[in-house]
Amino acid sequence: MSDVHTWIKETVSTTPVVLFMKGTAQFPQCGFSGRAIQILKACGVENIATVNVLDDPEVRQGIKDFSNWPTIPQLYVNGEFIGGSDIMNEMFESGELKTLLNG
């Protein structure tokens, strides 16, 4: 396992809610990342841990390889990969995401 994969595994294992995204929570760099932040805030997540994949090409590719998911953003809750913004949106609309985040 590469250093990047080790770092990603440690990050998602030790931080309850992590969003790998383009940009930051304060300044998302794409619409999907912005929507993901809006969804998390609407679910009541106050301290959103984010990783800006635009800062490091190794992390940007590494997270795709780690999750076997081709797009960003990617949400992890309690070490488990949840999905991207479309899945987050579906789970938000059904109430499932809020339950997961508050459980």
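**Close-up views of the predicted chain**

**View 1. Packing of helix H1 against helix H3.** Helix H1 (residues 3–14) and helix H3 (residues 57–67) pack at an angle of about 70 degrees, and their axes lie 9 Å apart. Axes are lines fitted to C-alpha atoms, for helices over the stretch in contact, with angles from 0 to 180 degrees between N-to-C directions. H1 and H3 are therefore roughly perpendicular to each other (angles of 65 to 115 degrees; under 35 is roughly parallel, over 145 roughly antiparallel, the rest oblique). On H1 the contact is made by Val 4, His 5, Trp 7, Ile 8, Lys 9 and Val 12; on H3 the residues are Glu 58, Val 59, Gly 62, Ile 63, Asp 65 and Phe 66. Contact means heavy atoms within 4.5 Å. By class, this contact has 7 nonpolar, 2 polar and 3 charged residues (Ala, Val, Leu, Ile, Met, Phe, Trp, Tyr, Cys and Pro count as nonpolar, Asp, Glu, Lys and Arg as charged, the others, Gly among them, as polar).

The model is predicted: local features need pLDDT of at least 70, side-chain atom pairs count only at pLDDT 80 or more, and totals for chains, interfaces and linings use all residues. Residues are numbered from 1 along each chain as its sequence is written, and side-chain values use heavy atoms, with hydrogens and water left out.

**View 2. The whole chain.** The chain has 5 helices and 4 strands, in the sequence pattern α-β-α-β-α-β-β-α-α. Helices (H or I, at least four residues) and strands (E, at least two) are DSSP runs numbered from the N terminus. The C-alpha trace spans about 35 × 25 × 25 Å along its principal axes. For 103 residues a compact globule would have a radius of gyration near 13 Å, and the chain agrees, with 13 Å (taken over C-alpha atoms; the rule is 2.2 Å times the number of residues to the power 0.38). Of the 103 residues, 41% are buried (under 20% relative accessible area; exposed is over 50%, partly exposed in between; 1.4 Å probe, protein chains only).

**View 3. The largest nonpolar core.** This core has 18 residues, and those with the most contacts inside it are Leu 19, Ile 37, Leu 40, Leu 75, Met 88, Leu 97 and Leu 101. A nonpolar core is a set of buried Ala, Val, Leu, Ile, Met, Phe, Trp, Tyr and Cys residues joined through side-chain atoms within 4.5 Å. Two or more residues each come from strand E1 (17–21), helix H2 (31–42), strand E3 (74–77), helix H4 (85–94) and helix H5 (96–102). H2 gives the largest share, 4 residues. Beyond its neighbours within four places in sequence, Ile 37 is in contact with Leu 19, Met 21, Ala 25, Ile 48 and Thr 50. Another core, of 11 residues, lies apart and includes Val 12, Val 53, Val 59 and Tyr 76.

View 4. Ser 85 is in helix H4 and counts as buried, at 8% relative accessibility. Leaving out residues up to four places away in sequence, Ser 85 touches Phe 32, Ile 39 and Pro 73. Pro 73 sits in the loop between H3 and E3 and is joined to Ile 72 by a cis peptide bond, with omega about 15 degrees.

**View 5. Two asparagines with positive phi.** Most residues other than glycine have a negative phi, and most peptide bonds are trans. Asn 68, in the loop between H3 and E3, has a positive phi of about 60 degrees. Asn 68 is exposed, with a relative accessible area of 70%. Asn 78, in the loop between E3 and strand E4 (80–83), has a positive phi of about 50 degrees. Asn 78 counts as exposed, at 61% relative accessibility.
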